[in-house]
Amino acid sequence: RELLQATESIFRWLNNQRREAFPNMTLVVKDTYYEKAIAAMIDEVVDEAGQVKDSASTDLARIRHSLYRKRQELRRTFEKVVARLNKAGYTADICESFSNGRRVIAILSEYKRQIKGVFHGESDSRRTTFMEPEETTELNNQVYELENEELKEVQKILRALTASLSVYAPLLETYYRIIGLYDFIRAKAMLGIDMQANL
């Protein structure tokens, strides 16, 4: 996408007036053209930040919607558990953390046997134990499954986009060559200016 933006700016700059004024620079883009369809294909799938759009496929939109709902449910459930354990005085200074991508509660080690859940490790001092509460284990599993589904769907979408763009591979290679040559021409011009050089 960045290559296309740079190439488009070159073609836009090289209008008919400049093509006459700079015949040698015009030679660099001779026998080629700017193809708008490539950028349109990319923009249909990828946003400005380089993320695959929800609208790229109906499956991705469905997965991301489910993922959002599950994360909200997990957050609410987790906050209830933290509040309950906090009130009981079981939690450590930092009450929550993440372990292997799963939300865990930091509990004072002396209370770890009183809490049902999955053990995820201890702090170096062994005064804090990290537990995944029983109430959130299934929700964490569902979130993990949906994240994997999302990743697979994104890869599928990007593979399809790559296959569609592959017909333009020679043109894209030409764009890389054009960008390289213009960069080289600019570098020589900058050096000439610095040295106050003349022909």
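Which residues in H4 meet Ile157, Leu161, Ser164 and Leu165 in H6? The close-ups below begin with that meeting place. This is a predicted model, in which local features need pLDDT of at least 70, side-chain atom pairs count only at pLDDT 80 or more, and totals for chains, interfaces and linings use all residues. Residues are numbered from 1 along each chain as its sequence is written, and side-chain values use heavy atoms, with hydrogens and water left out.

**View 1. Helix H4 packs against helix H6.** Helices (H or I, at least four residues) and strands (E, at least two) are DSSP runs, numbered from the N terminus. Two packed helices are described by the angle between their axes and the distance between the axes. For H4 (residues 36-45) and H6 (residues 134-165), the angle is about 175° and the axes lie 11 Å apart. Here axes are lines fitted to C-alpha atoms, for helices over the stretch in contact, and angles run from 0 to 180 degrees between N-to-C directions. H4 and H6 are therefore roughly antiparallel to each other (angles under 35 degrees count as roughly parallel, over 145 as roughly antiparallel, 65 to 115 as roughly perpendicular and the rest as oblique). To settle the opening question, Ile38, Met41, Ile42 and Val45 are the H4 residues that meet Ile157, Leu161, Ser164 and Leu165 in H6; contact means heavy atoms within 4.5 Å. Sorted by class, this contact has 7 nonpolar, 1 polar and no charged residues (Ala, Val, Leu, Ile, Met, Phe, Trp, Tyr, Cys and Pro count as nonpolar, Asp, Glu, Lys and Arg as charged, and the others, Gly among them, as polar).

**View 2. The buried residues of H4 are Ile38, Ala39, Ile42 and Val45.** Seen down the axis of H4, these residues fall within an arc of 130°, so they line one face of the helix; the arc is that of the directions from the helix axis to the C-beta atoms. Buried means under 20% relative accessible area, exposed over 50%, and partly exposed in between (1.4 Å probe, protein chains only). Helix H1 (2-13), H6 and helix H7 (169-195) are among what covers the buried residues of H4. On the face turned away from the buried side, look for the exposed residues Lys36 and Glu44.

**View 3. Two residues of H6, Thr136 and Glu149.** Thr136 is buried, at a relative accessible area of 0%. Its contacts, leaving aside neighbours within four places in sequence, are Leu74, Thr77 and Phe78. Glu149 is partly exposed, at 35% relative accessibility. Not counting residues up to four places away in sequence, Glu149 touches Arg62 and Ile63.

**View 4. Ile179 sits in helix H7.** This residue is partly exposed, with 25% relative accessibility. Setting aside neighbours within four places in sequence, Ile179 is in contact with Leu3, Ala6, Thr7 and Ile10. Between Ile179 and Val143, 36 residues apart in sequence, the C-alpha to C-alpha distance is 44 Å.

**View 5. Asp31 has a positive phi of about 65° although it is not a glycine.** You will find Asp31 in the loop between helix H3 (23-28) and H4. Asp31 is exposed, at 74% relative accessibility.

**View 6. Gln196 also has a positive phi, of about 50°, although it is not a glycine.** Look for Gln196 in the segment after H7. Gln196 is exposed, with 70% relative accessibility.
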